[in-house]
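This report goes through a structure section by section. Please keep the sequence and the 3D view open while reading.

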Amino acid sequence: MEQMDKFTISVLVTKDEYSGAHVFERHKIRSRYSPFLTISGIALVVLGIAGLFYGRLIMLSPAAAGCLVLLGIFLGLYDGVIAPILDRGAASRDYLAREELQFATTYVFSNNSVNVSNGRVQGEIPVSLVTKWIETPALFKMDVGRELSVIIPKRLLSEGQIQTLRSILEKNAPDAEIK
Amino acid sequence: MTSQKLSKAKVLINPTKEEYVKSVLLVERQIGYLRPLPIAVIASAILPFLGLSSFNWFRVSYSSIFLPLILCFSCPVLLIYFFYLQPSLLKERAAGYYKTYSVIMKDSVMEFFDDNMVTKTQYLTLNDSYALMSLCIETPELFVLAKDSERIIVIPKRCIPMETREELTAFLRQAFAPRRKVMKSWIF
């Protein structure tokens with residue numbers, strides 16, 4: 001019978017999984033201020049269009065009004081269109097640059113610690129040291145400062161293991177979750 | 001018969017918060033957010049020139065000064081951003097990361113071999129190959145080895161024992177010869 005409070009898993013993350021998780025994480029972090037960006041963008045577009053038609057009345061030259069429209073379009077589309085493309089590109093470059101992501105890594109999760117073993121890192125870290133974690137539709141991603149990043153795709157986990165991992169993280173690092 | 005080569009040096013590493021934050025700024029200046037700093041300085045010199053030359057000195061109206069004003073205003077904004085705001089943000093973030101770093105890497109012992117170095121800490125054993133390090137920055141006080149702007153290894157020179165300091169310094173300079181940068185501060 002599978003022991004639910006301790007499980008071993010061998011992981012090799014794909015570039016698509018890594019990029020998708022990065023885009024998801026960045027979108028969550030941006031969600032605190034992205035409505036402000038979008039609203040500012042809409043306001044600038046409205047102001048710029050008003051400047052193009054009634055520039056003399058509101059003291060805007062056509063060139064300045066055009067700049068405002070362009071800036072407004074940029075800000076309005078930033079969160080939904082531009083940032084995801086930039087984030088995906090950055091994540092792809094990051095994936096290629098981080099050689100440990102291309103090693104298979106073995107993780108052993110227990111109640112309050114995770115044992116890591118790959119070509120570069122070996123050791124056991126208390127889950128309470130996790131500084132940032134996020135659950136995306138495809139994976140769990142945990143960061144221990146800048147020193148260690150643990151990525152567990154859900155495709156490798158059973159439903160019970162997903163529940164166990166979620167509860168381990170919620171119990172040991174409740175403040176580190178990116179909501 | 002197999003034999004394990006002896007390490008060149010064994011160093012107990014314990015960087016302070018100031019050293020860690022300084023290292024982060026040095027790396028950001030070389031391969032991170034502060035890399036465009038020289039371009040920002042050049043741009044901040046060109047922008048007021050463009051602003052003043054596009055200003056119509058003989059037909060002043062509110063609409064004609066809008067663009068020149070933006071161009072002139074961009075100059076101090078760029079300088080403040082790259083010399084104060086961004087470094088402050090990076091310092092604050094680095095200070096936050098130092099809390100975890102100081103726990104995980106507390107009293108870490110670094111062993112230097114011909115091709116790699118092994119760092120042993122209370123929790124982890126890290127094996128880093130020199131060939132996979134993209135950058136080595138040397139300042140009068142530190143060696144900072146970086147894989148990218150996120151993952152750095154800080155070696156304060158004060159931690160290297162006097163008897164091996166000269167030899168290890170020469171070895172690191174040689175091992176990272178094509179990727180070594182000598183800096184005095186995070187700006188220069």
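## Surroundings of B:Q86

Leaving aside neighbours within four places in sequence, B:Q86 is in contact with B:Y33, B:L34 and B:Y81. Two residues are in contact if their C-beta atoms, placed from the backbone, lie within 7 Å. B:Q86 lies in helix α3 of chain B; helices (H or I, at least four residues) and strands (E, at least two) are DSSP runs, numbered from the N terminus. B:Q86 is partly exposed, with 19 other C-beta atoms within 10 Å. A residue is buried if 20 or more other C-beta atoms lie within 10 Å of its own, exposed if 12 or fewer, and partly exposed in between, with C-beta atoms placed from the backbone. Between the C-alpha atoms of B:Q86 and B:A43, which are 43 residues apart along the chain, the separation is 17 Å.

## Basis of the model

The model is predicted: local features need pLDDT of at least 70, side-chain atom pairs count only at pLDDT 80 or more, and totals for chains, interfaces and linings use all residues. Residues are numbered from 1 along each chain as its sequence is written, while chains are lettered from A and ligands numbered from 1 in the order in which they are written.

## Contact between chains A and B

The interface brings 20 residues of chain A into contact with 20 residues of chain B. On the side of chain A that touches chain B, α3 (62-97) and β4 (121-126) each supply at least two residues. The largest share of that side, five residues, comes from β4(A). By class, the residues on this side of chain A are nine nonpolar, six polar and five charged. Here Ala, Val, Leu, Ile, Met, Phe, Trp, Tyr, Cys and Pro count as nonpolar, Asp, Glu, Lys and Arg as charged, and the others, Gly among them, as polar.

Strand pairing also links the chains: β4(A) and strand β4 (residues 124-129) of chain B pair in the antiparallel sense over three bridges. Two strands pair if DSSP finds at least two bridges between them. In this pairing A:G123 stands opposite B:L124 of β4(B).

Strand β2 (residues 105-109) of chain A runs antiparallel to β3(A), and four bridges join them. A:F109 stands opposite A:V114 in β3(A), and a hairpin of three residues connects β2(A) to β3(A). β3(A) is in turn joined to β4(A) by five bridges, again antiparallel, with a three-residue hairpin between them. The bridge partner of A:S113 in β4(A) is A:P126.

Side chains alternate along strand β3 (residues 113-117) of chain A.

## Domains of chain A

Chain A is assigned domain 1 (7-13 + 99-176) and domain 2 (22-97); such bounds come from an automatic or database domain assignment. The C-alpha centres of domain 1 and domain 2 of chain A lie 35 Å apart. Each of these two domains gives four residues to the contact between them. The side of domain 1 of chain A that touches domain 2 has two nonpolar, one polar and one charged residues.

## Nonpolar cores

A nonpolar core is a set of buried Ala, Val, Leu, Ile, Met, Phe, Trp, Tyr and Cys residues joined through C-beta atoms within 7 Å. The largest one has 61 residues, of which A:I125, A:V130, B:V24, B:V144, B:L145 and B:I152 touch the most other members. Helix α1 (residues 17-31) of chain B gives the largest share of this core, six residues. Another core lies apart from it and has six residues, among them A:L44, A:L60, A:A64 and A:L68.

## Sheet and loop in chain B

In chain B, four strands form an open sheet of mixed pairing in the order β7-β6-β5-β8. β7 (152-156) and β8 (180-182) of chain B stand at the edges with a single partner strand each, so one side of each is left without a neighbour in the sheet. Strands β5 (residues 135-138) and β6 (residues 142-146) of chain B run antiparallel and are joined by four bridges. B:L145 in β6(B) is the bridge partner of B:C136. Not counting residues up to four places away in sequence, B:L145 touches B:M133, B:C136, B:I152 and B:I153.

B:D107 lies in the loop between α3 (62-104) and β2 (108-112) of chain B. B:D107 has a positive phi of about 50° although it is not a glycine, and B:D107 is exposed, with 10 other C-beta atoms within 10 Å.
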